[in-house]
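Hi,

Here is the structure we talked about. Please look it over, then read my notes below.

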Amino acid sequence: MDKKKVLMIHEVFDWMLDLDLSDYIITFDDGLYSQYKKLEHFKKFNTPKIYFISTGILASEDIEQNETVIECAKAHELYFKNEDTSNYMKWSQIKEIASTKNCFIGGHSHAHRDLRSNTSIKELHLHLKDDTDLMFKKFKENGIEIQDFCFPYNYEAPLYKEILKQSGIINFFGKERVAIEDLKNAI
């Protein structure tokens, strides 16, 4: 049996809405608000959709979310420099997605730290263990169980994978996915 290719989407721009994504498993990274805003559009594809959420980078329920779509890198910059979460989803929105047919929530860490830097193995292990525990705690507090995980920055650290397996993660995603921008020439 042929397995569907896995598509990776960060921010959702209007040009993406012209693509037929029926032949893909659709994954969304980072829990950006633009992904939630277009939920109705993506629901029309009868294929699995996995929203990978960094549980430490979410908007509180009282935040006014940014209606202008910005690039994911800019949203990260605004968060990491200014703690601006207006470009990210709220737990209520994530719960709505989780209750939608063919939509699943996956983990994307708690803090979304870039692990490609030089870090001692001891420091890395402590961070990964603490971060994973926090991520699972936040999902549990919000009544969401996960079995899928996407590595932040698509960097699959073997130690990370082992810690996640011990925590119950079954399915892993990363750089093997096709970026939706690669399909842009198809329109």
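**Aromatic pairs**

There are 10 aromatic pairs, counting rings of Phe, Tyr and Trp (its six-membered ring) with centres within 6.5 Å. This is a predicted model: local features need pLDDT of at least 70, side-chain atom pairs pLDDT 80 or more, while totals for chains, interfaces and linings use all residues. Residues are numbered from 1 along each chain as its sequence is written, and side-chain values use heavy atoms, without hydrogens and water.

Phe151 and Tyr160 pair edge-to-face (planes over 60 degrees apart). Their centres are 5.8 Å apart, with 70° between the planes. Phe151 and Phe172 are stacked (under 30 degrees), at 5.8 Å and 15°. That pair links distant parts of the chain, 21 residues apart. Phe151 sits in the loop between strand 5 (148-150) and helix 6, Phe172 in strand 6 (residues 171-173). Helices (H or I, at least four residues) and strands (E, at least two) are DSSP runs, numbered from the N terminus.

Phe151 counts as buried because its relative accessibility is 0%; Phe172 does so at 17%. Buried means under 20% relative accessible area (1.4 Å probe, protein chains only). Phe149, Phe151, Tyr160 and Phe172 form one aromatic cluster.

**Helix 4**

Helix 4 (residues 91-98) buries Trp91, Gln93, Ile94 and Ile97. Seen down the axis, these fall within an arc of 160°, so they line one face of the helix. The arc is taken over directions from the helix axis to the C-beta atoms. These buried residues pack (heavy atoms within 4.5 Å) against helix 1 (33-37), helix 2 (39-43), strand 3 (49-53), strand 4 (103-107) and helix 5.

Best wishes

Terms used:
Buried < 20%, exposed > 50% of the residue type's maximum accessible area, 1.4 Å probe, protein only.
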